[in-house]
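This briefing is meant to be read alongside the sequence and the coordinates.

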Amino acid sequence: MAATTASEVRAQRAEIRSTALALLRECGISEPPVPTDTLLAACKLDTETFSYSDRMPPLRPGQRESAKMAARRELLAHMDIDVKVRGILDTQDHVVYTHNTLSPDQRRFCTFHELGHFALPWHRELFYQCSELDMSPETLATLEQDANWFAIECAFLGDRFEREVADYRIGISTIRKLTKIYKTSFEATARHFVESQTAPVALLVAAPRPDLGSSIDAGQPLLAVRYAVASPAMRRLSGGYIPTGTLIPWRHPATELYLSRSNRQISAPDILTFASHSSQLACETELYYNGYNVFILAWPSRRWLREC
Ligand SMILES: [Zn+2]
């Protein structure tokens with residue numbers, strides 16, 4: 001059930017929302033934060049944590065093992081350090097497994113995601129009929145997107161969040177306040193905050209450049225954009241997008257914030273450049289570092305809007 005056109009995507013998103021809201025209604029939930037336990041119980045699902053290293057017997061002090069076993073142990077340890085698959089839905093035993101290194105917020109989102117695979121009818125058909133190994137990468141990517149949408153609908157209670165953010169000022173402190181109300185990660189909340197805005201606003205999520213070695217020359221860009229999202233009004237205003245991999249200049253306040261490892265938030269004027277036609281927009285920005293990424297929340301400056 002892959003949606004391809006814009007209207008098909010909207011219809012699919014609406015169906016995912018109605019499935020999530022039906023589950024919330026069945027559980028009598030209308031206020032945040034949404035308790036995962038109640039949803040799991042309604043679906044008759046248990047929950048457990050896992051790690052990839054659990055698959056190996058514990059290594060006793062002084063114990064020797066074959067090179068093959070040692071290599072496998074090392075591979076699984078790497079999978080635990082760089083966790084790609086955070087959750088697993090076991091449709092036979094009715095268990096949602098989440099990786100044991102996840103933070104509470106990440107575990108909640110991952111649980112909502114796995115509930116999506118369970119609750120969306122076309123997912124259940126596929127998961128009960130065949131293993132993930134039988135599915136094409138395109139099918140898997142669509143299913144993952146669906147489950148992420150389902151998780152967003154559950155965590156933010158459909159359009160309740162959208163109605164609520166209309167009353168708040170745009171800013172990092174608002175997003176931090178909403179994370180406490182909805183018990184969601186800063187990243188998921190910031191992203192949904194921007195996508196729910198009727199005003200023009202964008203979010204750039206920046207992290208150290210993946211192509212950097214262990215050292216860089218002073219003055220070289222340290223950070224690059226992992227991804228950027230924009231509200232529909234911002235997309236119309238800019239007429240473009242900010243590509244993944246866009247370098248953040250060394251002198252940008254995001255670099256200092258990242259290097260200071262501080263979770264204070266700072267404000268600064270900035271000029272955003274949008275691909276593919278290099279249009280520029282003078283913005284007000286607020287920056288925040290959450291220990292993983294630097295978030296740059298941007299909206300057009302008043303001066304720029306007055307001159308238009
Ligand atoms: Zn999934």
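How many of the 7 residues of strand β4 (residues 202–208) are buried? In this predicted model, strand β4 is mostly covered, with 6 of its 7 residues buried. The strand belongs to an open sheet of 6 strands, whose order is β6-β5-β4-β9-β8-β7 and whose pairing is antiparallel.

**Strand β4 and its partners**

- On one side, β4 is joined by 7 bridges to strand β5 (residues 223–230), and the two run antiparallel; within this pairing, Leu204 stands opposite Ala228 in β5.
- β4 also pairs with β9 in the antiparallel sense, here over 5 bridges, and Leu203 is the residue that stands opposite Leu297 in β9.
- In a regular strand, side chains alternate between the two faces of the sheet.

**The rest of the sheet**

- Strand β9 (residues 294–300) is in turn joined to strand β8 (residues 279–289) by 7 bridges, and these two strands run antiparallel; Leu287 stands opposite Ile296 in β9.

**Overall fold and dimensions**

- The secondary structure of the chain comprises 12 helices and 9 strands, and 6 strands form the open sheet described above.
- Along its principal axes, the C-alpha trace of the chain spans about 65 × 50 × 35 Å.
- When contacts between residues at least 6 apart in sequence are considered, 59% of them join residues that are at least 24 apart.

**Burial, surface and charge**

- Of the 308 residues in the chain, 44% are buried.
- The accessible surface of the chain amounts to about 16900 Å², and carbon and sulfur atoms account for 53% of this area.
- The chain carries 34 positive and 36 negative side chains, and the centres of these two sets lie 6 Å apart.

Conventions: Residues are numbered from 1 along each chain as its sequence is written. This is a predicted model: local features need pLDDT of at least 70, side-chain atom pairs count only at pLDDT 80 or more; totals for chains, interfaces and linings use all residues. Side-chain values use heavy atoms; hydrogens and water are left out. Helices (H or I, at least four residues) and strands (E, at least two) are DSSP runs, numbered from the N terminus. Buried means under 20% relative accessible area, exposed over 50%, partly exposed in between (1.4 Å probe, protein chains only). Contact means heavy atoms within 4.5 Å. Accessible areas come from the Shrake-Rupley method with a 1.4 Å probe; for residues, only the protein chains shown count as cover. Lys and Arg count as positive and Asp and Glu as negative; His and the chain ends are not counted. The place of a charge is taken as NZ of Lys, CZ of Arg, CG of Asp or CD of Glu. Two strands pair if DSSP finds at least two bridges between them.
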